[in-house]
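The report below describes one structure through its loops, core, pockets and selected residues. Please read it alongside the sequence and the model.

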Amino acid sequence: MNRAREWIHCNEAYRRGLTGKGVGVAILDTGVFLHPDLENCVYGFRDFLKKKQQPYDDNGHGTHVAGMIAGSGTASAGRYQGVAPGAQLVCLKVLDQRGNGYVSDVLAGLRWVRQNGSQYGIRIINISVGSFTPKGMSEDSALVRGVDAAWDAGYVVVVAAGNNGPAEHTITTPGISRKVITVGCADDDREVEVAGSRMVDYSGRGPTDACICKPDIVAPGSRIVSCNLRRNGYRFKSGTSMSTPLVAGAAALLLEQNPDMTNRDVKLRFKERAVDLGLPRNQQGWGALDIGRLLE
């Protein structure tokens, strides 16, 4: 993740003494493996598939996302530290070993956060998954209503734009929600492997079918290094799933700095401080994440 951290000026946060300390982030994904980088930042775990009590990840996607947000960098002598290494993670397993899942499990995870979030200090929800089916592309779909309910409850909900670009109307659900912060990939002009296929210009583009401009913001997502399922191990992953936790981690830094901010305040700050890349609005959103500018 070192390349991404340089790109978004993450070191500026550390110079200010900000690490996301005390800010809870819920990750709805494939679970989490207690990699050495994550042993001290996972404050809660809930398994909506097999009901296991101890943290596990039989895919690796959730562990990679967790490391990007709050990994300590212990196993790499700090080289692959997460954006907000002081954040408190609550990892909810809603996807199976193939990275697939049911809408009902994602909704159950969102309900759990609304009911238990205050206990864990959760302020942010990271959803690095999405659905791209005709049935689910309406703003009235269950997934959109689920993330909207979390947003209305005060949570900063950060969602991936999906990897179905570059055509218009390719934002995945629930990223089509007009309330949540939808994240695209800033560097998808690089050909990389995404979910086992070589892809380029893959980041989902708007507008949505309701003519809402999406994504909201973009961040690096190509060949990002983070934790894998081997002790002390790391691996590359690419896609908007990787762009999303960079924004979630940045939100944790911002909320540590400004704990009284609402989710609407956070979204507005991202909009005001994004860097214009000169790309179409429905490709770059407001622009690219720059943590240095975000925290000014």
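## Loops and backbone

P174 lies in the loop between β5 (156-160) and β6 (181-185), where helices (H or I, at least four residues) and strands (E, at least two) are DSSP runs, numbered from the N terminus. This is a predicted model, in which local features need pLDDT of at least 70 and side-chain atom pairs count only at pLDDT 80 or more, while totals for chains, interfaces and linings use all residues. Residues are numbered from 1 along each chain as its sequence is written, and side-chain values use heavy atoms, with hydrogens and water left out.

The peptide bond from T173 to P174 is cis, with omega near 15°, and a cis peptide bond also joins K214 and P215, with omega about 0°; P215 is found in the loop between β8 and β9 (217-219). Most peptide bonds are trans, and most residues other than glycine have a negative phi. H169, in the loop between β5 and β6, has a positive phi near 60°, and N232, in the loop between β10 (224-227) and β11, has a positive phi of about 70°. H169 counts as partly exposed at 36% relative accessibility, and N232 is partly exposed with a relative accessible area of 44%; buried means under 20% relative accessible area, exposed over 50%, and partly exposed in between (1.4 Å probe, protein chains only).

## Overall architecture

The protein chain has nine helices and eleven strands, and its C-alpha atoms fill a box of roughly 45 × 40 × 40 Å, taken along the principal axes. Of its 296 residues, 59% are buried. Among contacts (heavy atoms within 4.5 Å) with a separation of 6 or more, 76% are between residues 24 or more positions apart.

A nonpolar core is a set of buried Ala, Val, Leu, Ile, Met, Phe, Trp, Tyr and Cys residues joined through side-chain atoms within 4.5 Å. The largest one holds 77 residues, of which L89, I124, I125, V157 and F270 touch the most other members. Helix α6 (residues 240-257) gives the most to this core, with ten residues. A second, separate core of five residues includes M137, A161, I171 and I176.

Within α6, 16 of the 18 residues are buried, so the helix is largely enclosed by the rest of the structure. Its end C-alpha atoms are 26 Å apart, which agrees with the 26 Å that 18 residues should span at 1.5 Å a residue, the expected span being 1.5 Å times one less than the number of residues. Leaving aside neighbours within four places in sequence, the contacts of I124 include V23, V25, V156, A248, A251, A252 and L255.

## Pockets and cavity

Pockets and cavities are found on a 1 Å grid over the protein atoms alone: a cavity is a set of points where a 1.4 Å probe fits but cannot get out, a pocket is an open set with protein on both sides within 12 Å along at least five of seven lines, and lining residues have an atom within 4 Å of a point. The largest pocket contains about 750 Å³ of space, and of its 32 lining residues H61, N163, V194, A195 and S241 lie nearest its centre. Strands β7 (192-194), β8 (197-199) and β11 (234-237), together with α6, each supply at least two residues of this lining.

The second largest pocket contains about 240 Å³ of space, and L95, G101, V106, G130 and S131 lie nearest its centre among 15 lining residues. Elements giving two or more residues to that lining are α4 (103-120) and α5 (142-152). The structure also holds one cavity of 30 Å³ or more, whose lining comprises M137, H169, T170, I171, I176, P207, T208 and D209.

R269, placed in helix α7 (residues 263-273), counts as buried at 14% relative accessibility. Beyond four places in sequence, R269 is in contact with L254, Q257, N258, M261, L294 and E296.

Conventions:
Grid points are joined across faces, edges and corners, and a volume is the space filled by probe spheres set on the points.
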